[in-house]
Amino acid sequence: MIVLRRIGTGLVVLWVAATAAYLALLAAPGSTVDSIIGDGADTPLIRSQIVQEWHLDRPAVVQYVDYLWRAAHGDLGRSYLLQRPVRDVLGAQLWPTLKLALVAAVLGIALALVLAVTTRRPWSRRVSSTAELVLVSTPPFLIGLVLLSVFSFQLGLFPVSGDRGAAALVLPAVTLALPIAGVLTQVLRDGIDRALDEPFVITARARGLRERAVLARHALRHALLPAVSLLGWLGGTLLGGVVIIETVFGRPGLGQVTLQAVTSEDMPVVLAVVVFSAFAYVVLNTAADLACLVIDPRLRRS
Amino acid sequence: MIAIRDLHVTFPHRRHTVEAVRGIDLDIEPGECVAIVGESGSGKSVTARTLVGLAGPGAVVRSAKFEVDGRDARAFGPEEWRRVRGGFAGLVLQDALVSLDPLRTVGAEIGEVLRVHGHRGDRDLRVRDLLATVHVPEPERRARQHPHQLSGGLRQRALIASAIAAGPPLLIADEPTTALDVTVQAQILALLGERRAAGETLLLISHDLAVVARLADRVLVMRDGRIVESGGTASLLSAPSHPYTQELVRAVPSAATRGRRLSEAGVVAAPEPSGDVVLEARGLTKRYGRHTVVDDVDVRVGRGEIVGLVGESGSGKTTVAQLLFGLVAPTAGTVTFEGEAWTGQPERRRRARRRHLQLISQDPLSSFDPRWTVRKIVAEALPRGGAVEPLLERVGLGAELLDRNPRQLSGGQRQRVAIARALAPRPSLIICDEPVSALDVSVQAQVLDLLADIRATDGTAMLFISHDLGVVHHLADRVLVMHDGAVVESGPVDDVFHHPRHDYTRELLAAVPTLEGEIR
């Protein structure tokens, strides 16, 4: 029941995102025909051919409904610029981006878990907290540039750009993962601190549990709740970060496509990227809500 | 089993140290029940936790002798302490809702002890046996449930089951019944008594003298980290020799303390009832959906009268207070206040009359703006130009507190500020919702004396809501007993409490341990 309701609201969010993006692009200056012509030849004949080919003579409402109808069936239209179906354009670029985002997410989460659990002593904790604050407040592209100059230019350990082999993935993934690890470590540590102050921890210790077991079996699970709620934020940060990082490291991916589409007013591609982002967001947030239900039985009641 | 001489526990606090325990001796023999009583901050809980090596972060423990199970615990490393915890001594804390991990099933919590202490054999089976031992019905189903799905009594039983799972010879119970309703408290006390009768050793930590009197063989009275008096339970509580113990015993409100002061010698005058009615509610009913929270309740409070409203948690006492106060609109029924209609009036019309109806809650801290000073808090309730100092003086607070924030006050001082604020607009009725439940017994005595004085001098009527029958019997003129949203019995307090007619009232009265009843 609760799952169905979540999926229902997710669909509404998707529709709102698609519509909002459609309206925003409709309100943007310049006509669709201009965008499609781009730098090509511009004669009245070509113009009328374009209007006919893309059915641009229909009222805006009909075009909107037609767009929604086709989008619901998985047809995202054709790119004005590349003259190819948007699905193919995005599909080719999706995997490099997903790969980068996934590796960065796993890396960031793992790093945060390890740091939050291991830096419990006052001294290590102070060092770690400071490092986290620095990472959180540094713009990702700066982290990327620093990593590039040290590990690629000076030490020559990793390729400077491109997407060939696992080595090329290391620096961009680390760049994306560090700020995520910074935020998550702070949230996890705070959660662990709070859990360790609870009476049930005294009970657990009074059972003869080792400190490590108290952390792993009791405190960490409590600390996961606020961290899991950040899953939606994590997705947003990754998608936003990827656009910049792909440019810094010269990697193919959604970031490059989005940048190109926005600058050349390639409406179908921009719309598809917006809808895809909203989709990722909805999926992640739904997953986060369901994960909270799994972690905390007290939430399952209503 | 335990032999301790000259135990000191200190905690670092900013630049200096806080001495929580200052040189106590403690011996526990096999098979006896020793109790440590004291008020908050006396060091009783720290003492109990030090016995299992859990004094707290940064605690420094010193002693001339510290023997646990015949071995010198001063030389214990972490592994040895680990075996003591759960293996030699089980610990039961206050409220199982927070003392058991809320994210794990009861069975997992009990099973954890078995796993840590190397239990061989079927762990699930043993968990079910343990739950059955502490009289949890349907142990199989309960083991799969989480603490929030269990009632307060069952939770506390599960907590006890987890403490005794590895068969420790010593059970340490730190305020084991404090958060429980009286009937549930009686069940848990019976369970602990059952274990004691079976020859188990028990260390009981409590602020409640009556609870201690019911269980303990020997009592140690702690104050400010020291033991001021110790001895056999009956002799110590019936004839205390130390002034502090005398003060504690005298401060416990009950039927026998009616009309006298609790915090000092002396009597309180009770005015003759005038017959005027301040507040009257008829047929008060509140339903949420199909759930009836308050069911056809009649309340009448005369001028200068103190009416007690008793009942267990969930009986609807607080909802009645909200209905009378006009915070919640009743589903049915009417309230008349000072002879005029109170329910069904638009708030705009009621606002001017609200000054005459005041509220004192259990936790005054959350009813104060934390950034306001005492002066501002009280002055807000005063008519323009009214002076704050005389009011504070009346509730026994000095002018030096005027510029403090609520957080800088002790619990008793906060409750006095709350009373001063309630008195400021010269109310004809004060609704007191568990006003002394969070206070230590000696502070509770002072606040109860203050409330009795206010009634005697100002003729202020009070509706006194409490779960503590002793407090109500001490203070109130008449009492209403609530159960499942309905008033099951009402009348003059002596009639109801000495000659209860309803079964529930009888059950309630039988469940309450009283000091007189236990040591007789």
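Guide: Let us begin with the salt bridge, which is a side-chain nitrogen of Lys or Arg within 4 Å of a carboxyl oxygen of Asp or Glu. Before applying it, please note that this is a predicted model, in which local features need pLDDT of at least 70 and side-chain atom pairs count only at pLDDT 80 or more, while totals for chains, interfaces and linings use all residues. Residues are numbered from 1 along each chain as its sequence is written, chains are lettered from A and ligands numbered from 1 in the order in which they are written, and side-chain values use heavy atoms, with hydrogens and water left out.

Visitor: How many salt bridges does the rule find across the interface of chain A and chain B?

Guide: The rule finds three across that interface. At 2.7 Å from N to O, the side chains of Arg207(A) and Glu112(B) meet in a salt bridge. A search of the whole structure, over all chains, gives 34 salt bridges. Glu175(B) and Lys44(B) also meet in a salt bridge through their side chains, at 3.8 Å from N to O. This pair links distant parts of the chain, 131 residues apart, with Glu175(B) in the loop between β8 (170-174) and α8 (182-197) of chain B and Lys44(B) in helix α1 (residues 44-50) of chain B.

Visitor: How many residues of chain A and of chain B are in contact, and what area is buried between the two chains?

Guide: Contact means heavy atoms within 4.5 Å, and by that rule 20 residues of chain A are in contact with 26 residues of chain B. Buried area is the accessible area (1.4 Å probe) that two parts lose on being put together, summed over both; between chain A and chain B it is about 2200 Å², of which carbon and sulfur atoms give 58%.

Visitor: Which element gives the most to the side of chain A that touches chain B?

Guide: Helices (H or I, at least four residues) and strands (E, at least two) are DSSP runs, numbered from the N terminus. The elements of chain A that give two or more residues to the side touching chain B are α9 (199-206) and α10 (211-228), and α9(A) gives the most, with six residues. That side of chain A divides into seven nonpolar, four polar and nine charged residues, where Ala, Val, Leu, Ile, Met, Phe, Trp, Tyr, Cys and Pro count as nonpolar, Asp, Glu, Lys and Arg as charged, and the others, Gly among them, as polar.

Visitor: How many helices and strands does chain A have, and what domains does the assignment give it?

Guide: Chain A comes to 13 helices and zero strands. Domain bounds come from an automatic or database domain assignment, which gives domain 1 (2-72) and domain 2 (87-300) in chain A. Their centres, taken over C-alpha atoms, are separated by 33 Å, and the contact takes 14 residues from domain 1 of chain A and 15 residues from domain 2 of chain A. About 1300 Å² is buried between these domains, with carbon and sulfur atoms giving 78% of this area. Across this interface the rule finds zero salt bridges. On the side of domain 1 of chain A that touches domain 2 of chain A, the largest share, 11 residues, comes from helix α1 (residues 2-27) of chain A, and the residues of that side divide into 11 nonpolar, two polar and one charged.

Visitor: What domains does chain B have?

Guide: Chain B is divided into domain 1 (100-167) and domain 2 (277-519), whose C-alpha centres lie 39 Å apart.
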